[in-house]
Amino acid sequence: MSSAPVGGSSRYLVLSAMIFAVAMTFIDQTIVSIAVPNIQHELKLTSTGVQWAVNAYLLTLAAFFAFGGRLADTVGHRRMVVVGVLVFAGASACCGLTPTGSLAEAWLIAFRAVQGFGGALMFPAALAIVVQNFVLRERGRALALFFGIAGGLTAIGPVLGGYLTEWTWRAIFWVNLPVAAIALVLIAISKPVTQSRPAPMDYRGLALIAGGVALSVFGFQQSQVWGWSNPAIGLCIAAGVLLLVVFVFVEKRTASPLIQVDIFRIRAFSVQNLVLGISMLVFVPVFFFSSEYAQIALGDSSSTAGIFLLYFFIGFVIASQIGGRMLDRGGAKRPVVLGCVLAAFGFYLWAGDVTTLSFGDQQWDIVLAGAGMGFMLSPASTDAVNRASRLSYGEATGITQTVRNYAASLGLAVLGTVLVTDLRSRLTDSLVAQGLPPDQAAATAAHLSQVQAQSGGSGGTASIPPFFRADFAHATQTVFYWMAAIMAAAAVVAIVGLRPGVQAEPSAEEQEPLPAGREPGQG
């Protein structure tokens, strides 16, 4: 089979266009958290309002991934990438133009939600285009570049945000505009050609999955604010899970469902999504917890804390390229298992060194942990999407991204609770050792730990006493040990569930490059 450029243009130009398109979604997962104090001060937002300026984006992104994937498969992937880029860029411009005064809070939250919706439209379509424009034996390498660069931008977000915020916090949104412009120009030049399949939209399924994901993710997000003892948390999560269960039963009886749930009967697809779900309990949270650790325990500035994360990014990007090539040559099992094991070992070593409060002692641990995640995330994602037919790559991507974002929200909630609980216990002991009565020490520790959890390490660190820094380092150590255990569990699932060997090539019709011209199924 020929690997000639699709539609007369370079496949790597198509890949570059898609990387620029999704770059905005990855940067915005972390960049805003750096500017939170400045945004809150200038716009006079409430603590709840500023929290939702961060959460609204993540919530809509998670809730509408499945919709975006299905829509891409039915109306055309290139069309949805363009629409998604325009929606995201427009919402970013509006976020940067947030007015001061009584309208500020509602305005910013609303357009952050629109950003998330644009990202949900864009990402599954972009990934489907990459998959369709590379033959099976070359997808590992191509998607390693896609996930390696795009995933690394999650780490760059805090660094970029720190420097842009020194000028104006509005720049963290405006930076998306030139990125969007480059993406649109590259799409126009490369003219990616994909297949699509016109079909009616399953709005009943959309309402169920969007409601289920949104309610449960909302419960996870609010657990750090309301506390797990608040019955509203359990009700939100339970209601969300119930809607998702109903969604599965409804989809099985729908002629043109939002998601073909029978795809989970494919062993590799189900196992890889389980591995991805487990690993994403760690991957997104590690950026938040390590950033907090750098600012609180090490006393670094926000921009320096972002540089701290670049060591993770270095390991991630290098290993993701090797993992992609391993996938193409020998199948997914070896890089996925190797990555999970290396990540578990890296987080274990990192946990052992965080209490030294010395970055020099931790840097190679961070690189190793990042390398482990790089080895496994791209091959696992690629192998899962490879199991779908050419006409449902968007749908498969929507599923994997929903799983990843859902798990990341759960990981932030659970590991955040671990951090707060451990920190509260250690602070209580430290305050008692300084002479406070046990009851007063416990109350003070509870207040300090909860304030820290809600501020996310963004409330300034100059006045933090040494005992708090030490206690926070020990609490972070506990979280990193949990991360090591989680990645060890992912390794066990991969060892038991995945089969060795390269995936068989698809049929001749599936392998043939698509001819130049418009997307089939589009007018």
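Where is the place of Lys-44? Lys-44 sits in the loop between helix 1 and helix 2 (47-63); helices here are DSSP runs of H or I, at least four residues, numbered from the N terminus. Everything below comes from a predicted model, where local features need pLDDT of at least 70, side-chain atom pairs count only at pLDDT 80 or more, and totals for chains, interfaces and linings use all residues. Residues are numbered from 1 along each chain as its sequence is written, and side-chain values use heavy atoms, with hydrogens and water left out.

View 1. Lys-44 isn't a glycine, yet has a positive phi of about 55°. Most residues other than glycine have a negative phi. Lys-44 is also exposed, with a relative accessible area of 71% (exposed means over 50%, buried under 20%, with a 1.4 Å probe and protein chains only).

**View 2. Ile-39 and its contacts.** Leaving aside neighbours within four places in sequence, Ile-39 is in contact (heavy atoms within 4.5 Å) with Val-32, Lys-44, Leu-45, Leu-108, Trp-169 and Ile-172.

**View 3. Helix 10, one side in and one side out.** The buried residues of helix 10 include Ile-233, Cys-236, Phe-247 and Val-250. Looking down the axis, the buried ones fall within an arc of 150° (taken from the directions from the helix axis to the C-beta atoms), so they line one face of the helix. On the other side, Pro-231, Leu-235, Leu-242 and Lys-252 are exposed. Helix 9 is part of what covers the buried residues of helix 10.

**View 4. The cap on helix 10.** Asn-230 caps the N-terminal end of helix 10, with a side-chain oxygen 2.9 Å from the backbone nitrogen of Ala-232.

Terms used. Helix = DSSP H or I, 4+ residues; strand = E, 2+ residues; numbered from the N terminus. Polar contact = N/O pair within 3.5 Å; in protein donor to acceptor, adjacent residues only side chain to side chain.
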